[in-house]
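Thanks for making time this morning. I would like to walk you through one structure, starting with a sheet, moving on to a helix and ending with aromatic rings.

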Amino acid sequence: MSTEKLYECGLCNSLDFTGLFNITDKYNQKVNLVICNMCGLLQLNPRKSEEDLNAFYTSEYYNLYSLDDKKNNNPRWIIRKEDMAARIINSITNRYNSKGKTLLDIGCGHGFLLKNALSKKINAYGIEPSSKQAEDLRKEGMNVVNSDIDSYENSANRSLHPEKFDYITLSHVLEHVSKPILFLKKIRNIL
């Protein structure tokens, strides 16, 4: 059973929040977006504990969010995800000579961004907390490590990734992180 509790703000440790919205999504997952009244950080709060979040990604996530023939996946959702990935990669390729550069997508999910990056000749790598999703992406030929950023350095298959990356992306990830400054420092170490 999932337990959600109110966490201190990841930036300033305040417990003074204003709720922006509180919904239950189509997969029966609670989504509580708040803004910290002290520093203005938007975050999901209350949220799952680290243990519950890890359990979610190792079991429920794949069943709820998989793209397989048994699901009635909404084509508009897929188009939206593909479009978002294209916009992110285009913002890189329009600004930089990115061919042959390295990109790490943290929380790569279904690999929309990885596939788009590879199509633009960017060497794309991923980190994905769902073991099944990471396995499926590896079967498609993508270089994905099943991990979170905290255990990435010691993960299986990490040796197949470069030590440093030219670009690091994360989409729909940061709002789930309990300590965003520490998270971003870990990312900076491999950028």
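Before the sheet, one definition: two strands are taken to pair if DSSP finds at least two bridges between them. Please also keep in mind that this is a predicted model.

With that criterion, we have an open sheet of three strands in the order β2-β3-β4, and the pairing is antiparallel. The edges are held by β2, residues 17-24, and β4, residues 42-44, and each has a single partner strand, so one side of each is left without a neighbour in the sheet. From one strand to the next, the twist averages 20 degrees. Between β2 and β3, which covers residues 30-36, there are seven bridges, and within that pairing Gly-19 stands opposite Val-34.

Turning to helix α2, residues 75-93, its 19 residues should span 27 Å at 1.5 Å a residue, and the end C-alpha atoms are 26 Å apart, which agrees. Its buried residues are Met-84, Ala-85, Ala-86, Ile-89 and Ile-92, and the elements covering the buried residues of α2 include β6, α3 and β9.

Finally, the structure holds two aromatic pairs. Tyr-96 and Tyr-167 form a tilted pair, with 6.0 Å from centre to centre and 40 degrees between the planes. Tyr-96 lies in the loop between α2 and β6, whereas Tyr-167 belongs to strand β9, so this pair ties together parts that are 71 residues apart in sequence. In the other pair, the ring centres of Tyr-125 and Phe-165 are 5.8 Å apart with the planes at 65 degrees, so the pair is edge-to-face. Both Tyr-125 and Phe-165 are buried.

Key
Residues numbered from 1 in each chain as written. Predicted model: local features only at pLDDT ≥ 70, side-chain atom pairs only at ≥ 80, totals over all residues. Heavy atoms only, no water. Helix = DSSP H or I, 4+ residues; strand = E, 2+ residues; numbered from the N terminus. Axes fitted to C-alpha atoms, helices over the stretch in contact; angles between N-to-C directions. Expected span 1.5 Å × (residues − 1). Buried < 20%, exposed > 50% of the residue type's maximum accessible area, 1.4 Å probe, protein only. Contact = heavy atoms within 4.5 Å. Phe/Tyr/Trp six-rings, centres within 6.5 Å; stacked < 30°, edge-to-face > 60°.
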